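Biologist: Could you take me through the inner space of this protein, and then through the aromatic rings? I would like a close look with the structure open beside me.

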Amino acid sequence: HGLAPWLLRLSPRTHRRTLANLAEALPGLDCGARARVARQVSQHICQGVLDGFWLEQLQLDIEYGDAQAREILLAGEGASVATLHMGCYEVVALALQRLAGRCTTLSNIPPWLSRGERLYQRVGIACVRKKQTGAFFKLLEAARGGHYIALHADHHGRDLPVRFFGRATRAPAGALLLSALARKPLLLGYAWQEAPGHYRVR
């Protein structure tokens, strides 16, 4: 997407972090190759953000990771689903809504997007604003009511010590904590873009 080079210029901190992460994950790539991959990542992010404005038009190919995941998703009793910031951030929530008809997600809708909830409401996803009072308890109530809760588990959380690419770091614990307190299964969901407007979800 043509916005990607501008995104990299306007977000130097994000660009540096992307290059550092690529150096850790793919040490065999030289600086030029890492810069090209960073540009491709930014292109996918831009396309994914734009796709988020038209969730109802996205084509999804939904796969089950294994028989147990299929059983949990088809049972209709809810689960806590940890997902990742890949492509269109809301694709896993959209897949859960299409499968089960009861998905709730936590979103950090920017303050300038005053009616951001409409993006979710148009496709039936219940949205809890991250910064609203009692947000976690609203998610817990939804989970106990049989909703599938989609939570991003890879972004700015400092709750839980983990190893990532062989290094110690910290990650959000929301999906795990929600699973334990609601007594619901914990699943991992992720998606990748096959083509503009077309995603594969597992």
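Modeller: Happy to! A cavity here is a set of grid points where a 1.4 Å probe fits but cannot get out, and a lining residue has an atom within 4 Å of such a point. Please keep in mind that this is a predicted model.

Searching the whole structure for cavities of 30 Å³ or more turns up one. The largest cavity holds about 40 Å³ of space. Its lining is made up of T83, L84, M86, C88, Y89, V91, V92, Y190 and A191.

Now to the rings. A pair of aromatic rings is described by the distance of the centres and the angle of the planes. Three aromatic pairs are found in the whole structure. One of them joins F136 and F137: the ring centres are 6.2 Å apart and the planes meet at 80°, so this pair is edge-to-face. F136 has a relative accessible area of 25% and is therefore partly exposed, whereas F137 reaches 61% and counts as exposed, because the exposed class begins over 50%.

A stacked pair needs planes under 30 degrees apart. Y190 is partly exposed, at 26% relative accessibility, and W192 is also partly exposed, with a relative accessible area of 29%.

Technical notes:
Residues are numbered from 1 along each chain as its sequence is written. This is a predicted model: local features need pLDDT of at least 70, side-chain atom pairs count only at pLDDT 80 or more; totals for chains, interfaces and linings use all residues. Side-chain values use heavy atoms; hydrogens and water are left out. On a 1 Å grid over the protein atoms alone, a cavity is a set of points where a 1.4 Å probe fits but cannot get out, and a pocket is an open set with protein on both sides within 12 Å along at least five of seven lines; lining residues have an atom within 4 Å of a point. Grid points are joined across faces, edges and corners, and a volume is the space filled by probe spheres set on the points. Rings of Phe, Tyr and Trp (its six-membered ring) pair if their centres lie within 6.5 Å; planes under 30 degrees apart count as stacked, over 60 as edge-to-face and the rest as tilted. Buried means under 20% relative accessible area, exposed over 50%, partly exposed in between (1.4 Å probe, protein chains only).
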